[in-house]
Structures are given as C-alpha cells and as structure tokens.
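Dear colleague,

Please read the notes with the coordinates open beside you.

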Amino acid sequence: MHAIVINAQGGPEVLEYAEHPDPSPGPGEVLIDVAASGVNFIDVYHRTGTYPLGLPSPIGSEGAGTVAAVGEGVSGVSVGDSVAWVNVLGSYAEKAVVPADRVVPVPAGVSSEQAAASLLQGMTAHFLTHSVHEVKQGEVMLVHAGAGGMGQMLIQLGKLKGATVLTTVSSEAKEKLAREAGADEVFRYDDFPASVRKVVPGGVDVVYDGVGAATFDGGLASLRARGLMVLYGAASGPVPPLDPQVLNRSGSLYLTRPSLVHFVAERDELLWRAADLFGWLASGELKITISERYPLADAARAHEDLQGRRTTGKLLLVP
C-alpha cells in the first residue's frame, strides 16, 4: 500500500509518500480500506512537532472507509461495514489499522467522504456546544473563522441550539460562506470587539476561538461578565501566558482549553456524538462543505493550503 510517513518533524516537505507493507489487524483491531482522510490542524501540529511524535511515525488522525478484515476478539464490527474514526494515527494511507472500539458506524445516507470530512470537526463542535458549554436558546455566541470547516460546524450547531451566532472572517467571499452556514452577524477581524459590542452591548455569553494568538485578547473583550472563553485551537499561533488577574478585571471570566480526546474517551460518549452528527447529516439539518480533494501523494500541498488559509470548508486526501 501507499502511505504518508514522517521521519522528521518540520515543514510540509517531511510528508513522505511511499510504498509500505500492507498492515494486518491484531487482536481487538480492524483493517480498513481508506476511502478518504480528513486534513486538520492537528495534523499540522503533529508534523511540526507542536505535538511531538515518536519517529518515524504515520500521520493523519481522521478517516473513513470499509472494513476489510477484523482481528481476534472483535465483535460488533464486520467485514464490509462502513466506518469512520478519529484520534488514531495513520489515516494518510490506502489502508489503516484501527482499534475496533475506536471506530463508529457510518449509516446509510452518509457517504465515506462526508464522514471523513465531518467526524473530527463535527464531534468537536458537538462537545464544545453540548458539554464544555451547553448552548441554550437565546444565548449569544461568537465563533472565530466562521468560513472554515470548524467555524461552519459551530455556526450550524449554535443555530440548531437556538443561539444567536456572531462570527469573524477575513474577506467578502468568506462572509458569504459564514452567512450561508447561518451566522446572524459577520465581522472582519479588525477591531471586532467594538463591532460585537455594537450588536450586543453587554457582551456575548461564550467565545469559541480556534485561531489563538491573533484573536484571544479581543475575544476576552467581547465577553459579558462571567462569560466563557473556549480556546480550542491556535491556527495563528499559541496564546502567550496569561495572568489570571486579567480574567478578574474583565468581569470574572471563565477560560478553558479542551480537547476532543477527553470528551470521547468512553465508547458510549463517542457513539453518542457520532450518532448525533451523522443523524443531522442524513436529515440535511447539518451541511458539510468539502472545498478540496487532493490525491494522497499531494498531502504536502494540502498542508500548505490549510496553513496558508487559502481554503474554506474541509480538505480531504483521497487514496
């Protein structure tokens, strides 16, 4: 099979496309013929060393496909099943071995591409809006980067929960995408806190920030007293160390830095989030924008486009 493996951490050039031996599933594992792999910022963090890996290492942590073989002791998953997974390295490949308890069933009405494009970001948006902060009818939320795949997910789930959703984007074209996703108000990044306060003088209830350094201070300035800052990523770079007294002075604010892995650790929770997500996709209540499909060999170009913010929606690698 062909797969991407990194032997060093660094720029996109370390993503090496090569032929490797076909893997076999061990006890408790399944072998999957990969139909599509999602490209995410966590892959960039793995590649660059922001999240260190033991080297050499496979890469890619989200995918979907068809079960080709099952290992000893596997139950509940059969050859021919359509499945998807996240948080298991090795999706940038034609075949992947995944623990059986980490795969989720993909129902009829949801394609493998839709599953690979939605699972990581969709379950992240789910735990952010259902568990980290349970968004309620009538609340106001601010979502940064509303035209991106994650931003569009958060906007749609916020609207499903009955919230008013404000968002930031960098261009007119991206504003159009954010509004199509359901955003009520769309701002440019320049002085967005003032724009937010014109619409919501008291401040928003919650800020969802996957941008990081470039937007963090402005997000704090956009919150109401006792509001919540949810920092879930750092696309523009990590946020510098923060004096907790800033939270006090800004209105007794709350701050959290959550990760999906801690919110799908139990299989029941994993299945709940995936079932909700795929149910919304199948019913049409949630829509996915796949902006680009790249051949597996072009993983480096996909990373360059993602980091360069030249894309909207989701990027896929297709073996």
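**Salt bridges and a buried serine**

Arg188 is partly exposed, with a relative accessible area of 32%. Please keep in mind that this is a predicted model.

Arg188 forms a salt bridge with Glu175, in which the closest N and O atoms are 2.9 Å apart. Because Arg188 belongs to strand 11 (residues 185–188) and Glu175 to helix 4 (residues 172–181), the pair ties together parts that are 13 residues apart in sequence. Glu175, for its part, is buried, at a relative accessible area of 18%.

Also in helix 4, Lys176 and Glu180 are four residues apart, which means that about one helical turn separates them; they form a salt bridge with the closest N and O atoms 2.5 Å apart, and both residues are exposed. Salt bridges that share partners also join Glu175, Arg179 and Arg188 into one network.

The count of salt bridges comes to ten, and among them is the one in which the side chains of Glu62 and Lys314 meet, at 2.8 Å from N to O. Since Glu62 lies in strand 5 and Lys314 in strand 16 (residues 314–318), this pair ties together parts that are 252 residues apart in sequence. Both Glu62 and Lys314 are buried.

Ser61 sits in the loop between strand 4 (57–58) and strand 5 (62–70), and Ser61 is buried, with a relative accessible area of 2%. Leaving aside residues up to four places away in sequence, the residues that Ser61 touches include Ile42, Asp43, Trp85 and Leu120.

Methods:
Residues numbered from 1 in each chain as written. Predicted model: local features only at pLDDT ≥ 70, side-chain atom pairs only at ≥ 80, totals over all residues. Heavy atoms only, no water. Helix = DSSP H or I, 4+ residues; strand = E, 2+ residues; numbered from the N terminus. Buried < 20%, exposed > 50% of the residue type's maximum accessible area, 1.4 Å probe, protein only. Contact = heavy atoms within 4.5 Å. Salt bridge = Lys/Arg side-chain N within 4 Å of Asp/Glu carboxyl O.
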